[in-house]
Amino acid sequence: METNAESSGFQTIPVIDLKALSMTDAHVRAKLAKEVREACINVGFFYVKNHTIPESTISGTVEAAKKFFSLPISSKMTLDIHKSTNFKGYTALLGENSNPENRADLHEGFDIGWEDMSGLHRADDGVMSGANIWPDGIPGFREAVLEYYHAAVQLGQSLFPLFALALGLPEDFFDDKTTKPAAIMRLLYYPPQTGVVDDRVIGIGAHTDYECFTILWQQDDIQALQVLNKDGKWIDAVPIPGTLVINLGDQFARWTNDVFKSTVHRAVNRSGIERYSIPLFFGSDYDVKLEPIPSCVSEDNPPKYETITAGEYVRSRLEATFY
Ligand SMILES: O=C(O)CCC(=O)C(=O)O
Ligand SMILES: [Fe+2]
C-alpha cells in the first residue's frame, strides 16, 4: 500500500457521515471505508457527524468541566497529575509542554482512564495501571464524566472495523489488540489569550497524539484548533456544531508505517472567551507490539519505526510532556 504524497497539502478537513456505520450492507460500508481511507492518508483528521454520543451526555460533561475548573486552585492542586504515578488528575496552567520547542502550554487539564460506574479500575493496564482520582464537592461530576467516557469508548470501538476496512484488512483485525481499551480522557480549559501572544506559550503547542486515534469534542463558535498540512500551512479545524473531530495518532502511524498520518496540530484561543474541549485518546492494549502491518510495507515504503509496545510508547511520550 503506498502513500499518496501528492495530495497531502490538504486545505480542508473532510466531514464523514457515520450514519452508515450501523448498516451491514457491504457496499455501504465499503463506501464509508473509502472516505475514511482517503481522510487518513491525506489529512489524518476528519469530522464525524451522526456519531453516537448523545448531546445530553456532552452537555453534562461540559457543565461538569466548567464547575471543576472554577474550583479554587488549592483544591485542584490536591489532584496534581505530577504527584500521580499513572498520569491521572489535574494539570495547572503551564503544567505541561506539548512542544519541546515551546515554553509550556496555556491550558488546564483533568485526566482519567478506564473505570466502570461501580468504581472498578483495571489492575492489568500495564505501565499505566492505577485508579482515577476525583475532586470533592461537585455532586455528579464523576458520573457525568464517566458517562461521556463510556459513550466515547463505545464510539471508538465501533470505528476500529472501519479503519481495518480502510486498510484493506478484515473488519476484526484490531479486535484482539483492543480487548481492554486503553483510553485516556481529558477535560481541557483554555483561558483566552489576548494582546501580543508569545508563540512559545500557546493553548497547546504543536504536537501529534500518541494513541491510535483521538475523539475530540470542541466548543462551538471558538476557532482555536489548527492542523498542519504538508506545505507547512496551518489549516483551521473550524468547529462544526453537532460534529466531533477524529484525528489519528502515532500508534496508527507506526502500525501503518505512516500510510495513515498522525498529523501535527495545536490550539490557540484568541477568542477573548474561555474555551473547553474534551479529547479521548483511544489506544490499543498496552502490551500490543506496534509492528508495521505487512501490507503497509514495501520496497518504496520500508519500515520506518522500531517496534515498541503501545504502553511503553504512550508512557514515554507522557513522561516527556509532564516533565
Ligand atoms: O483542544 C483542542 O482542540 C486540541 C487538544 C489536543 O490536541 C490534545 O489534547 O491533544
Ligand atoms: Fe492533540
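## The nonpolar core

The largest nonpolar core of this predicted model has 87 residues. Such a core is a set of buried Ala, Val, Leu, Ile, Met, Phe, Trp, Tyr and Cys residues joined through C-beta atoms within 7 Å. Buried means that 20 or more other C-beta atoms, placed from the backbone, lie within 10 Å of the residue's own. Val36, Phe46, Leu244 and Leu280 touch the most other members. Helix H4, residues 141–166, contributes the most, with 14 residues. Helices (H or I, at least four residues) and strands (E, at least two) are DSSP runs, numbered from the N terminus.

What does Leu280 touch? Its contacts (C-beta atoms within 7 Å) are Tyr149, Ala152, Gly156, Ala183, Met185, Thr214 and Ile215, leaving out residues up to four places away in sequence.

## Around ligand 1

The shell of ligand 1 holds 7 nonpolar, 3 polar and 2 charged residues. Among them are Arg186, Asp209, Gln218, His265 and Pro279. Strands S5 (182–190), S7 (213–218), S11 (265–267) and S12 (275–283) each give two or more residues to this shell. Here Asp, Glu, Lys and Arg count as charged; Ala, Val, Leu, Ile, Met, Phe, Trp, Tyr, Cys and Pro as nonpolar; the others, Gly among them, as polar.

## An open sheet

Four strands form an open sheet in the order S6-S11-S8-S9, paired antiparallel. Strands pair if DSSP finds at least two bridges between them. S6 (204–207) and S9 (234–236) are the edge strands. S8 (225–228) joins S9 through 3 bridges.

## Conventions

Residues are numbered from 1 along each chain as its sequence is written, chains are lettered from A, and ligands are numbered from 1 in the order in which they are written. In this predicted model, local features need pLDDT of at least 70, side-chain atom pairs count only at pLDDT 80 or more, and totals for chains, interfaces and linings use all residues.

Notes: Near = placed C-beta within 6 Å. Buried ≥ 20, exposed ≤ 12 C-beta atoms within 10 Å, placed from the backbone. Contact = placed C-beta atoms within 7 Å.
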